[in-house]
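Let's take a friendly tour of a structure together. Have a look at the sequence and the 3D view, and then read on.

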Amino acid sequence: MDISLATVALPDDPAEAGHPTHLVLIPSYNSGPKLIETVRAARRHWTPVWVVIDGSTDQSDAALDRLTADDDAIRVFVLPKNAGKGAAILHGVRVAEREGYSHVLTMDADGQHPAELIPGFMALSAANPKSLILGDPVFDDTAPLVRVLGRKLSNWWTDVETLWTGRFDSLFGFRVYPVSALREVMDRHRWMRRFDFDAEAAVRLVWRGYRPISVAAPVRYFRPSEGGVSHFHYVRDNVLLSWMHLRLVAALLAGLPRHLVRRLRSSRH
Ligand SMILES: Nc1nc2c(ncn2[C@@H]2O[C@H](COP(=O)(O)OP(=O)(O)O)[C@@H](O)[C@H]2O)c(=O)[nH]1
Ligand SMILES: [Mg+2]
């Protein structure tokens with residue numbers, strides 16, 4: 001299902017009152033100067049905002065101390081060693097679950113994602129708690145062609161893996177997840193700790209009955225001179241993504257009767 005945020009009722013003053021069920025979670029690994037801008041932007045639109053520093057070595061987290069000193073709605077966790085995007089998110093999700101949060105909006109730390117859409121995504125999630133709210137990237141001319149094409153291929157795989165339950169972008173990290181279900185899925189599967197997180201998390205949650213809702217969200221690719229950083233390694237991460245799709249297709253085939261039943265049920269709703 002595709003939705004436009006124009007139809008969503010927004011919460012009152014989301015940057016003021018601390019929200020009891022939904023939080024913003026930002027995993028960060030050597031994100032450079034964009035980290036502070038990103039956290040500030042998220043805070044303008046939501047309370048609370050949590051950051052997981054994933055073994056960063058570029059001192060990008062140093063300035064966060066000043067932000068947290070002035071604002072206790074920002075919370076920072078520091079992992080001593082780099083563990084990967086998925087592992088950093090899992091760290092935040094475990095704490096969120098213990099503290100009673102039901103949903104978490106994840107966004108990248110490098111300024112690529114639209115913070116102004118946070119309230120709309122959260123409102124949609126609050127109205128549809130058994131859904132995944134998935135950003136559908138709207139690229140501008142800053143997007144490298146090879147990343148755009150690579151995505152198409154990955155999206156084709158997730159379409160197959162979910163038996164065409166609903167079209168969604170497999171790799172975009174601007175999303176709202178259910179906290180406990182995500183933690184359970186990640187405890188059961190030892191992969192999903194690095195760049196294989198986004199696609200596998202969405203597929204496995206759809207398999208658990210969560211309905212994907214796609215919402216258009218602009219994405220920007222900054223040049224290094226603008227503070228842009230990416231740790232995506234074409235060979236290493238494409239191997240990781242191919243292995244992930246292979247695993248998911250194998251799991252689909254192994255449980256095909258169950259997946260077909262789920263698929264039939266989902267088309268009736
Ligand atoms: N690549 C990478 N990103 C991580 C890691 N831990 C946390 N992240 C965060 O995951 C997000 C996506 O990473 P990024 O390198 O920007 O990937 P890209 O946007 O797909 O080029 C960013 O917010 C990173 O800071 C890690 O170990 N590796
Ligand atoms: Mg990025």
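In this predicted model, ligand 1 is surrounded by 17 residues. The closest of them are Tyr29, Asp54, Asp108, Ser230 and His231.

**Around the ligand**
- Two elements give two or more residues to the shell around ligand 1: strand E2 (22-28) and helix H3 (85-98).
- Sorted by class, the shell around ligand 1 holds eight polar, five nonpolar and four charged residues.

- Helix H6 spans residues 179-188, and its residues Val179, Leu182, Val185 and Met186 are buried.
- Why do we say that the buried residues of H6 line one face of the helix? Seen down the axis of H6, they fall within an arc of 135 degrees, so they line one face.
- On the face of H6 turned away from its buried side, you will find the exposed residues Asp187 and Arg188.
- What do the buried residues of H6 pack against? Their partners are H3, strand E5 (103-106), strand E7 (175-178) and helix H7 (197-207).

**A look at Trp157**
- Trp157 sits in helix H5, which covers residues 145-161.
- Trp157 counts as partly exposed because it has 19 C-beta neighbours inside 10 Å, while a buried residue needs 20 or more.
- Trp157 and Leu64 are 93 residues apart along the chain, and their C-alpha atoms are separated by 38 Å.

Conventions: Residues are numbered from 1 along each chain as its sequence is written. Chains are lettered from A and ligands numbered from 1 in the order in which they are written. This is a predicted model: local features need pLDDT of at least 70, side-chain atom pairs count only at pLDDT 80 or more; totals for chains, interfaces and linings use all residues. A residue is near a molecule or strand if its C-beta atom, placed from the backbone, lies within 6 Å of it. Helices (H or I, at least four residues) and strands (E, at least two) are DSSP runs, numbered from the N terminus. Ala, Val, Leu, Ile, Met, Phe, Trp, Tyr, Cys and Pro count as nonpolar, Asp, Glu, Lys and Arg as charged, and the others, Gly among them, as polar. A residue is buried if 20 or more other C-beta atoms lie within 10 Å of its own, exposed if 12 or fewer, and partly exposed in between; C-beta atoms are placed from the backbone. The arc is that of the directions from the helix axis to the C-beta atoms. Two residues are in contact if their C-beta atoms, placed from the backbone, lie within 7 Å.
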